[in-house]
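Work through the exercises below with the structure open. Try each task before reading its solution.

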Amino acid sequence: MRERGKVITVHDGSVDVLMQVSAGCGGCTLCSREEGGETVMHEVADALGSTVGDVVDVVIPDTIRARAAAAVFLVPVFSLLAGYLAGFLLGPWAGLEPETAGVVGALVSATIAMLGIRNAEHRLAGDAAFAPKVGAIISRDRSHT
């Protein structure tokens, strides 16, 4: 997947890119919303030497999109359902009302799932295979030359 944006900050080997979010963006959490409402992708690997103001294509590996969609949407829903079912079925065995135990089970399992997603996100953040990178410089900002 490729998205286009404008380089707003240059770091050592990476850039921050103000994104032009397209309809194909699946909300993968790679970008963050800034105070002004802009969407920024931070720490995009850049081996091409982009400078502030350049318009660049950011290559986002397809594996990120599929895994992010599963992590953000499917895992919490399944965790809630499984936790509720487990609590509902096991609650009476522990002397609790089934509905109450189901709600507690759902909340506990969803919390564990979200912590797992956060842990996986931090672990994968350092993996170059999953990292977004500048794939091409579309136009240079001539005002900085």
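This is a predicted model: local features need pLDDT of at least 70, side-chain atom pairs count only at pLDDT 80 or more; totals for chains, interfaces and linings use all residues.

**Exercise 1. Strand pairing**

*Solution.* 
- Step 1: Check a residue pair. Val-17 stands opposite Met-41 in E4.
- Step 2: Arg-33 has Thr-39 of E4 as its bridge partner.

**Exercise 2. The hairpin**

How many residues lie between E3 and E4 in their hairpin, and which residue in the turn has a positive phi?

*Solution.* 
- Step 1: Follow the chain from E3 to E4. The hairpin leaves 5 residues between the two strands.
- Step 2: Gly-37 has a positive phi of about 90°.

**Exercise 3. The nonpolar patch**

Identify the residues of the nonpolar surface patch, then find which helix gives the largest share.

*Solution.* 
- Step 1: List the members. Tyr-84, Leu-85, Phe-88, Leu-89, Leu-90, Val-103 and Leu-107 make a patch of about 670 Å².
- Step 2: Place the helices. H1 spans 62-90 and H2 spans 98-125; each supplies at least two patch residues.
- Step 3: Find the largest share. H1 gives it, with 5 residues.
- Step 4: Leu-85 is found in H1. Its relative accessible area is 48%, so Leu-85 counts as partly exposed. Patch residues need over 30%, and Leu-85 has 48%.

Methods:
Residues are numbered from 1 along each chain as its sequence is written. Side-chain values use heavy atoms; hydrogens and water are left out. Patches are made of residues with over 30% relative accessible area and no salt bridge: like charges are joined within 9 Å, nonpolar side chains (Val, Leu, Ile, Met, Phe, Trp, Tyr) within 5 Å. Accessible areas come from the Shrake-Rupley method with a 1.4 Å probe; for residues, only the protein chains shown count as cover. A salt bridge is a side-chain nitrogen of Lys or Arg within 4 Å of a carboxyl oxygen of Asp or Glu. Helices (H or I, at least four residues) and strands (E, at least two) are DSSP runs, numbered from the N terminus. Buried means under 20% relative accessible area, exposed over 50%, partly exposed in between (1.4 Å probe, protein chains only). Two strands pair if DSSP finds at least two bridges between them.
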